[in-house]
Amino acid sequence: MTSTSNSKGIVEDDDEEEEFQHFDDFTVASSWERFISEIEAVCRQWLADGTKNLLVKDALRMDSFKDLYKVKSEFKYAMKSYCMEYYFAISNDGKVAEWDHTLHDLQLSFGVKEFVVIAPQSASGVVLDAPEASKLLSAVAIALSNCSCLWPAFVPVHDPSRKAYIGIQNMGTVFTRRFEADRIGSQVPIKLMHLEGLYELFVSKFAYTTVDWSMHHFEVYFKMKLTYRTPVYDDEDEFQEPDADITGSSENLESGTHGKSQWDDDSPWSKWYSAEDPIKGFELLAIWSEITAESSLDMAELENASPLEAEKWLLYPCLSSNLVGICDGSTIGFASQLRLLIKAFEMSSEAKFIEDFVSGSENLNSSAVVPPPTVLDRVLKDLFHEVTEAQADFSQVEHESSRSIKGAQPESLFAQFCLHALWFGNCTIAVLWIEFVREVRWCWEESQSLPRMPGNGTIDLSTCLINQKLHMLAVCIDKKRREAEGQNIGTSDSENLQTPMNFSASHEVSKGFGRKNERNDSAGVAESMMLLKSCKTMHFPMTQDPPPMTEDMHEERLQAAEALGDSFSFSAQLEKDILASDMSAFKAANQDAVFEDFIRWHSPRDWENDDSHEIGVSQTNPMEEVSEVKWPPRGRLSERMSGNGNSWRKIWNEAPPLPVSEQKPLLDPNREGEKVLHYLETLKPQQLLEQMVCTAFRAAADTLNQTPVGQLKQITTKTRQLYATMASMLKYLQSYNIMSDSDVIDDLRRLCTTFEHIEKLILLAASLHRKFVQSPHLGEAIFSDCYDYYLPNMGTGSGLGDNNTKKEFDKKQRVSSRDRNVIVGMFTPPTANQSWRKVLSMGNLLNGHEPILREIVFSKNDRVSESYYASTNPKLSRQDVETYRMYVCGTSNDLRVALAVTSFD
């Protein structure tokens with residue numbers, strides 16, 4: 001019996017469950033009700049997840065807006081597909097951002113923070129049918145109400161160009177907000193162009209009267225933001241025709257025709273290219289907050305107010321599109337031309353001779369066109385004939401780390417040649433080089449000074465070999481010309497006298513240097529030194545300068561020394577000519593000198609003094625005032641100089657007493673000059689391009705380093721890093737022996753990308769520096785914002801435009817009261833030509849310029865206790881409710897109005 005009763009109970013339970021499974025919910029019987037149910041389910045799921053989980057799941061960040069994300073879901077209803085999107089921000093302050101933040105259009109129009117938008121999935125993306133729009137909005141409103149959600153919901157309507165919306169929001173109390181927005185794209189009524197008319201439009205929404213609005217007072221709160229943009233002049237505005245008195249000559253007329261100035265005319269790079277200004281202009285935001293107006297007359301008075309009276313000024317730079325993108329060939333600068341030079345370097349490995357590189361064989365695949373003779377003449381004229389003075393001291397324009405790069409000084413002849421060659425394509429560089437060498441040979445044959453190269457001094461071995469050779473040639477030309485003019489070779493005035501550089505006596509000798517002697521074999525007397533045998537005052541001789549040597553000459557000597565084994569004795573033999581010349585000059589200046597006297601003057605470290613005992617008598621030098629010297633001094637030669645068979649003593653014994661004017665020159669200018677020209681004329685293309693690449697990078701960086709940018713630590717740091725990067729990458733270049741090695745070329749191309757980033761930053765800093773001379777702190781603040789925006793993309797090899805998460809620069813700087821006059825100066829008054837072209841139809845002019853955009857938010861608050869709402873809900877009797885809000889945005893030709901009304905339902 002028990003089992004039977006149990007089986008019956010089980011059967012009855014199954015019947016009940018089967019009946020429950022077939023239960024029909026008549027609240028979703030219609031398709032519209034099911035549509036509402038689907039929306040409600042999605043909204044409940046979004047509410048349950050919360051913003052944190054939505055970010056983890058499938059929320060997408062809105063690229064153009066700050067901290068705004070969205071999720072979406074798709075629905076079908078009545079054979080149509082719809083998409084519902086939920087927009088939310090991750091900040092927790094619960095407030096709507098102010099003017100100085102980037103907002104979504106609906107956030108700005110209606111003052112909401114998070115919202116829902118439902119729209120059809122069609123080409124237009126808007127609902128064109130009014131009944132359909134109302135039904136769609138009702139469905140979303142019911143779904144949100146069912147799940148107790150306070151999100152405002154919007155539906156786009158009408159034509160997409162009108163940016164029209166209708167919307168609704170359940171306030172959670174007895175209030176409901178309704179939204180509506182529309183736009184007038186043309187023929188804006190004149191009345192609505194002015195603040196007075198806009199005020200009356202807003203008042204008409206809640207004050208039902210037909211009398212004159214100016215005679216009634218309605219307390220209205222409003223905020224206003226005016227956007228001004230610095231003027232951009234076209235050609236006829238920038239150039240003003242000169243007076244008739246000035247245009248008398250053709251020269252003045254020509255200068256007037258080409259008198260248009262560029263922003264970078266006085267910049268260091270202006271000789272090589274004209275850069276586009278990275279700052280296309282500035283947008284100024286003048287903001288008035290929480291102003292109360294009681295009549296249209298107050299609005300008319302405000303329209304005539306100066307923007308200087310605004311509570312807040314925000315400045316926003318308009319950056320050039322080329323600043324945030326990598327070079328695509330359309331932007332001209334050092335980095336773009338260095339890429340072409342690297343391409344030529346890559347091709348040079350296939351050519352054995354410069355002539356082959358010029359002709360462009362089939363393997364070279366050269367498409368370069370030989371430049372016309374006028375272009376070559378202009379370049380050669382700049383290099384050789386339009387030089388005012390050869391600058392021997394290049395350190396003034398060099399960066400402190402520049403010498404770590406084996407190139408040439410930026411103002412030297414070869415560096416200038418490399419900078420000119422940057423603007424020649426590929427194989428045409430060889431054409432310029434051939435003409436360059438011909439001009440150098442002409443200078444040699446005509447004994448003309450080599451421009452941009454010092455004719456004396458020590459050759460800098462830290463530079464490239466071509467620069468060293470040109471320096472050697474300049475010295476040879478100078479000596480050759482002086483020989484032809486009958487001057488003494490190797491002598492110099494007392495200001496350029498040198499002691500042999502391979503000894504450390506120069507400092508000690510200088511202490512005893514006395515007045516100059518009239519004799520042509522003496523440079524002066526040593527007041528504290530006398531000859532050991534004759535006790536006469538010692539004379540400093542005039543000596544020949546050591547002959548200059550390039551690094552390949554040093555290498556030849558070292559190789560020869562290694563081949564002979566005894567490097568020390570061979571080095572002494574190599575220095576025999578210099579030593580013999582100094583000894584002959586010393587003997588000529590001091591007739592009674594002995595070998596020990598020469599050592600005391602030439603190499604004091606090899607004379608060991610012994611002052612423990614005073615020996616001899618005190619003698620007075622008759623040529624000096626009361627100067628007493630202990631004589632003779634007690635001392636001896638060092639072990640190195642006193643040994644048997646000492647080479648120095650042998651040279652001393654053989655050296656005749658000859659002054660410098662009668663000696664054979666240590667440097668043969670004719671032989672060394674011809675060797676330099678032979679090197680330049682037989683240089684292989686790859687060897688030439690190797691040195692050109694290093695020099696071009698160094699010269700371009702040194703040129704940009706001269707740019708005045710103010711006190712910007714970021715530029716200083718990045719420039720130092722650039723030099724370090726160039727030094728590390730280029731040091732392997734001149735040891736480049738593997739022709740097929742592509743790693744070197746790839747490294748150079750990456751270096752060009754790094755160089756381009758730094759070049760853009762320097763141009764940006766220079767533009768801001770010259771625009772904010774009177775307010776440097778403001779320019780530095782704007783640069784810091786741009787730097788932080790640009791920095792994440794430096795060194796990536798791609799521009800900002802290539803990133804999937806592209807974000808526009810939106811940082812604005814607040815302008816203090818003391819800096820406002822500087823900004824006003826950027827808005828130059830419009831010319832008469834511009835005034836005729838533009839009809840001013842809006843107020844609040846800034847130096848004659850009307851705002852390009854005007855945004856106003858009108859609002860009206862009502863206290864609940866003063867209305868019939870209070871009787872229904874006493875708890876709200878102490879609250880202020882924003883019953884009306886109107887956002888107005890536009891100009892004289894475009895007006896958009898968004899209205900939000902709070903009602904009691």
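The structure is a predicted model, in which local features need pLDDT of at least 70 and side-chain atom pairs count only at pLDDT 80 or more, while totals for chains, interfaces and linings use all residues. Residues are numbered from 1 along each chain as its sequence is written, and side-chain values use heavy atoms, with hydrogens and water left out.

The protein contains 28 helices and 20 strands, where helices (H or I, at least four residues) and strands (E, at least two) are DSSP runs numbered from the N terminus. Of its 905 residues, 46% count as buried; here buried stands for under 20% relative accessible area, exposed for over 50%, and partly exposed for what lies in between, with a 1.4 Å probe and protein chains only. The accessible surface amounts to about 47,200 Å², and carbon and sulfur atoms hold 49% of this area, the areas coming from the Shrake-Rupley method with a 1.4 Å probe and, for residues, with only the protein chains shown as cover. If contacts (heavy atoms within 4.5 Å) with a separation of 6 or more are considered, 72% of them in the protein join residues 24 or more positions apart.

Side chains of opposite charge can pair when their charged atoms come close. A search of the whole structure finds 40 salt bridges, each being a side-chain nitrogen of Lys or Arg within 4 Å of a carboxyl oxygen of Asp or Glu. One of them joins E40 and R44, with N to O at 2.9 Å; because these two residues are four apart in helix α2 (residues 31-56), about one helical turn separates them. E40 is buried at a relative accessible area of 16%, whereas R44 is partly exposed at 42%.

A salt bridge also links D478 and R482, at 3.2 Å from N to O, and this pair lies in helix α14 (residues 465-484), four residues apart, or about one turn of the helix. D478 is buried, with a relative accessible area of 17%, and R482 is buried as well, with 19%.

The salt bridge between D592 and K536, whose closest N and O atoms are 3.2 Å apart, links distant parts of the chain, since D592 is in the loop between α18 (576-589) and α19 (595-602) and K536 is in the loop between β11 (522-530) and β12 (537-541), 56 residues apart. D592 is partly exposed at 35% relative accessible area, and K536 is partly exposed at 47%. Elsewhere, salt bridges that share partners join R441, E445, E674 and E681 into one network.

On the surface, E219, E294, D298, E301 and E309 gather in a patch of negative charge. Such patches consist of residues with over 30% relative accessible area and no salt bridge, like charges being joined within 9 Å and nonpolar side chains (Val, Leu, Ile, Met, Phe, Trp, Tyr) within 5 Å. E219 sits in the loop between α5 (195-203) and β8 (220-229), and its relative accessibility of 45% makes E219 partly exposed.

The last stop is V375, a residue of helix α11 (residues 373-385) that counts as partly exposed at 25% relative accessibility. V375 and L432 are 57 residues apart in sequence, and their C-alpha atoms are 9.8 Å apart in space.

Note on methods:
Lys and Arg count as positive and Asp and Glu as negative; His and the chain ends are not counted. The place of a charge is taken as NZ of Lys, CZ of Arg, CG of Asp or CD of Glu.
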